[in-house]
Amino acid sequence: MTGSWWSNAAITHVLIALFAMGSWVSVNSLWVELPVVVNVLPERWNLPAYLTVLIAFGNLGPIAVTITHHFAPGRLNERLVIHFIQVLAVVTSVLLAIFWSHTVVVAGGTRSLPFLLFTFVLSLVCSTSSVTFLPFMFRYPPQYIRTFFIGQGLSALFPCIVALGQGVSKLECKIVNGTAQPEYLKENFPAQDFFWFLFVMLSVSAVCFLALTRRQTESQQDTPPQESDSATATKNGEETHPLHNGETPVSEEQVQMEEKPPAQTFWTPHNVYLLALLAISNALTNGVLPSVQSFSCLPYGTMTFHLSVVLGNIANPVACFLAMFVVLSGDSAMIRSPLSPRSSTGLGLLSLGGTVFAAYLMALAALSPCPPLLGNPAGVALVVTSWIIFTGLFSYLKVVIGTLLHEAGHAALLWCGISIQAGSLIGALIMFPLVNVYHVFARAQDCVDNCIKQQ
């Protein structure tokens, strides 16, 4: 099939993007649908904190994969693991669509146990994808790792587009017996339909991965083995790994040989710095800030919460797209500039900028239910803009670091996934007791002037 449309590089990019979409589409969909389900499930405003800790416990999957790589290097079949977790995700999404609103009584209280259980399973799948999908991408040349991150951005973009069509539950305050009572209007379609769309996206991702593995097998049969240079080649001002030969993915045997390299100095200060930045950024984006997003946004209104979730997630693929076509494809002089986003200084500045907006959003959550500029359109604009910039900066940072680690080999991509999950776990474990045990963040009551009540 060499030379046909099926083996075209553009088809490879499309398949990789749609395959990568399935890596975090489940968790992203749950976050996007939070403004709807938070008014239905009994956990209410505390639901984001429950989600973050369940996502954190999903790290049991990456831990198992990491232990296997350590004690049996080269023995783990990443392809079979990916197939397994994709099937698990598809089945769980069907159950979620059917049983998401069911509740049970636990310890004398009503809990949305089915929703939380399915959330944990989907989180386990997403977390495991970080240490299987990324290392699998080592089979492909560096340009495809950027397509992979764009695909991860699509895992946030597509649910957001559907959420925009769904609308958000609007609140009306009606007087009943002299007391204002909140009444939530229905969305354009229920959460159940949204979760069925999640099932479709996961199925598309699984089919695309199946197509990728089939194309890879065919390309290896059509392409004769070639000797690889011992030195790293340089193309268009960027480094490529010696295993990669143009557009052709490497074989399973070559990857297994790469998994067992001779003693090399991967743990250089620069690589440790990259992994630390990656862990910190994911602690903020996947653990700390999502736990308090409801507290930072809902005082300004349900629409503000909805816009922050949707537009913030749209910023993810936009940042990945810019990383692919603006900076990472630049000439070698710009890439080696001290202020380049690929440099240590540039990465540090990006991280600092994202942290500033993260601090502002945390301050809004801490001041809930009476944050600054409450009732002022400027307050709404600031909180939504802050979520967009915060998400965009750290999404861009992750793409740049992922590209740099791809150049360091298969083991580097494994540690890339481990850092992502470790940061997410630490952030979630820090925030859960603050939100659910010590109740540091206070929620507002609907249809009540909470600020006058506090004075």
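Which residues lie nearest the centre of the largest cavity? They are N28, T285, N286, N316 and K398, out of 31 residues that line the largest cavity. The model is predicted; local features need pLDDT of at least 70, side-chain atom pairs count only at pLDDT 80 or more, and totals for chains, interfaces and linings use all residues. Residues are numbered from 1 along each chain as its sequence is written, and side-chain values use heavy atoms, with hydrogens and water left out.

A cavity is a set of points, on a 1 Å grid over the protein atoms alone, where a 1.4 Å probe fits but cannot get out. Lining residues have an atom within 4 Å of a point. Grid points are joined across faces, edges and corners, and a volume is the space filled by probe spheres set on the points. Two cavities of 30 Å³ or more were counted.

The largest cavity has a volume of about 580 Å³. Its lining draws on several helices. Helices are DSSP runs of H or I with at least four residues, strands are runs of E with at least two, and both are numbered from the N terminus. At least two lining residues come from each of α1 (9-32), α8 (143-166), α11 (269-291), α13 (302-327) and α16 (377-406). The largest share is that of α16, with seven residues. By class, the lining of the largest cavity holds 15 nonpolar, 15 polar and one charged residues. Here Ala, Val, Leu, Ile, Met, Phe, Trp, Tyr, Cys and Pro count as nonpolar, Asp, Glu, Lys and Arg as charged, and the others, Gly among them, as polar. The largest cavity lies between domain 1 (1-218) and domain 2 (266-454), because both give residues to its lining. The domain bounds come from an automatic or database domain assignment.

The second largest cavity has a volume of about 50 Å³. It is lined by G22, I85, Q86, A89, V125, F133, L202 and S205. The most come from α5, which gives three. Five residues of this lining are nonpolar, three are polar and none is charged.

Charge pairing was examined next. Side chains of opposite charge can pair when their charged atoms come close. A salt bridge is a side-chain nitrogen of Lys or Arg within 4 Å of a carboxyl oxygen of Asp or Glu. The structure holds one. It pairs R139 with E78, and the closest N and O atoms are 3.1 Å apart. R139 lies in the loop between α7 (133-136) and α8, and E78 in helix α5, so the pair ties together parts that are 61 residues apart in sequence. Both R139 and E78 are buried. Buried means under 20% relative accessible area, exposed means over 50%, and partly exposed is in between (1.4 Å probe, protein chains only).

Two side chains make contacts with the backbone. S343 sits in the loop between α14 (332-335) and α15 (344-366). Its side chain reaches the backbone nitrogen of G346 at 3.0 Å. S343 counts as buried, at 14% relative accessibility. T403 is in helix α16. The side chain of T403 reaches the backbone oxygen of V399 at 2.9 Å. T403 counts as buried too, with a relative accessibility of 1%.

S368 and P369 are joined by a cis peptide bond, with omega about 10°. P369 lies in the loop between α15 and α16. L373 is also placed in the loop between α15 and α16. Phi of L373 is near 60°, a positive value in a residue other than glycine. At 39% relative accessibility, L373 counts as partly exposed. A107 is not a glycine, yet has a positive phi of about 55°. A107 is found in the loop between β1 (104-106) and β2 (109-111). With a relative accessibility of 86%, A107 counts as exposed.

L113 belongs to helix α6 (residues 113-130). L113 is partly exposed, at a relative accessible area of 44%. L113 and H102 are eleven residues apart in sequence, and their C-alpha atoms are 7.6 Å apart in space.

Terms used:
On a 1 Å grid over the protein atoms alone, a cavity is a set of points where a 1.4 Å probe fits but cannot get out, and a pocket is an open set with protein on both sides within 12 Å along at least five of seven lines; lining residues have an atom within 4 Å of a point. A polar contact is a pair of N or O atoms within 3.5 Å; within protein, one must be able to donate a hydrogen and the other to accept it, and residues adjacent in sequence count only if both atoms are side-chain atoms.
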